[in-house]
Amino acid sequence: MKRIRTAFFALIPFFPFVVLFVALLVAVYHIRVYW
Amino acid sequence: MKASAIETTGGNSHPLVREFIREQAPIIMGVFGLALLAGYLQTGTLPGADTPFPVAGVRVPIWHLLWMGFWTGYTMGLVGEASGIFSLPYSMSILQFTGVAVSPTSLITTFLNPFGALLGYRREKQWNLDFALWLCVGAFIGSPIGSFIRLYWLRDPAPFKMLIGCALIVMAVHLCIQITPWYLARTVRQRLFTEKFDRLKEERRQAGQVPTGLPDDFSIVTVRKSLKSITLSYWGEEQTFSVPLMCLIGFVVGIVAAAMGVGGGFMLVPIMATIYGVPMYVLVAATIPFVIVLSITGLISYVFTIPMLTGVSAAPDWSFGLFVASGAILGAWVASKTQKFIPEKFLKPMLGVITGVVGILYIIQYFWHLPFTV
């Protein structure tokens with residue numbers, strides 16, 4: 001549990017970049033399906 | 001180092017979990033419930049991927065609106081702003097919500113978005129209504145004017161997108177210069193405040209206490225106030241603000257922000273930081289009430305004042321806006337808790353480049369025909 005928590009906090013700095021990448025994928029998905 | 005600092009606060013009764021369950025979850029669930037109710041009342045069924053949203057006229061799954069609220073609230077929260085300036089172009093260019101109702105709908109999000117953060121700032125005593133008052137007065141007068149401008153001169157999506165493009169470029173420039181030595185020197189108060197805060201954090205960490213949060217004796221106190229100026233004191237610093245200038249700033253930002261349908265933080269933060277060099281920890285005492293006042297007066301103007309005076313309807317899409325708001329509240333809260341661990345040196349220029357490129361495309365599209373539509 002402690003290791004998981006440590007890994008989680010170590011990954012926090014990368015979250016915004018992951019979030020932006022997923023946002024891009026979702027936007028592309030929406031364009032292909034709903035436009 | 002930082003990870004181990006947080007571990008000391010771990011355990012089953014983590015303060016962050018308690019805070020989320022007691023303060024954030026009820027607000028998020030309440031707003032989500034209101035969105036479901038509004039959707040049923042507006043359409044008789046749940047709008048989403050199959051049934052278009054009644055006012056927006058677009059088909060989009062509810063999870064996508066929640067996600068849009070979350071990622072815009074999160075990324076903007078990390079750089080100290082609200083979600084509106086990101087969610088508005090996304091709604092127009094990706095979700096194809098280009099009608100005039102996009103502005104009041106966006107104001108629903110910008111009105112509800114700061115409430116989660118508001119509770120935290122009040123608890124941390126980052127709160128001074130004397131500081132916020134004159135900016136709010138300016139916004140109160142300016143935002144109804146902005147709504148009229150939107151409905152009469154910016155009704156067409158093309159000029160409106162160009163205005164959004166200009167706003168995005170302003171924001172892009174602000175994001176990019178924030179890491180330059182010039183800006184850091186200009187905001188010397190911010191740097192001193194951060195250094196002081198970091199020292200306190202380290203002391204707390206070594207004592208095995210929670211490393212986040214301001215000291216118990218922190219408060220923003222009004223030293224003197226008159227109709228000409230207001231003097232505040234915070235953590236050993238004293239600063240004087242001109243009341244007419246604050247009112248003027250609130251007025252101008254109120255007009256522009258309400259015309260677009262955003263909270264106005266993207267203009268207010270750089271103006272206040274550049275003119276006065278106010279630390280972000282203190283500035284939120286003014287920006288949060290400012291965004292709330294601006295959004296609600298703008299929204300009232302779109303929903304009641306303008307239809308009553310002119311007969312022109314500009315009702316928002318309540319369910320669309322409330323779904324986005326519930327995601328944005330969660331995103332803003334997650335951002336406020338993780339902000340200290342994110343490397344701003346990379347994030348701010350990256351967000352600056354993204355917003356800048358979109359802004360340039362919006363402006364180019366107004367003057368020349370692009371091979372694609374944004």
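Helix α2 of chain A passes helix α3 of chain B in a left-handed crossing, in what is a predicted model. The axes of the two helices, which span residues 15-34 in chain A and residues 62-78 in chain B, come within 10 Å and cross at roughly 145°. On the chain A side the contact is made by A:Pro16, A:Val19, A:Leu20, A:Ala23, A:Val26 and A:His30, which meet B:His64, B:Trp67, B:Trp71, B:Tyr74, B:Thr75 and B:Leu78 of α3(B). Sorted by class, this contact of α2(A) with α3(B) has nine nonpolar residues, three polar ones and no charged residue.

Within chain B, helix α2 (residues 15-43) packs against α5(B) at an angle of about 165°, with the axes 10 Å apart, and α2(B) and α5(B) are therefore roughly antiparallel to each other. The crossing of α2(B) past α5(B) is right-handed. Here B:Glu23, B:Gln24, B:Ile27 and B:Val31 from α2(B) meet B:Leu112, B:Phe115, B:Gly116 and B:Leu119 from α5(B), and the residues of this contact divide into five nonpolar, two polar and one charged.

| Helix pair | Crossing angle |
|---|---|
| α2(A) and α3(B) | roughly 145° |
| α2(B) and α5(B) | about 165° |

A further feature of chain B lies in the loop between α4 (84-93) and α5 (102-123), where B:Gln96 is found. Although B:Gln96 is not a glycine, this residue has a positive phi of about 65°. B:Gln96 counts as partly exposed because it has 18 C-beta neighbours inside 10 Å.

Technical notes. Residues numbered from 1 in each chain as written. Chains lettered and ligands numbered in written order. Predicted model: local features only at pLDDT ≥ 70, side-chain atom pairs only at ≥ 80, totals over all residues. Helix = DSSP H or I, 4+ residues; strand = E, 2+ residues; numbered from the N terminus. Buried ≥ 20, exposed ≤ 12 C-beta atoms within 10 Å, placed from the backbone. Axes fitted to C-alpha atoms, helices over the stretch in contact; angles between N-to-C directions. Left-handed = near helix turned anticlockwise from the far one by under 90°. Contact = placed C-beta atoms within 7 Å. Nonpolar A, V, L, I, M, F, W, Y, C, P; charged D, E, K, R; others polar. Parallel < 35°, antiparallel > 145°, perpendicular 65-115°, else oblique.
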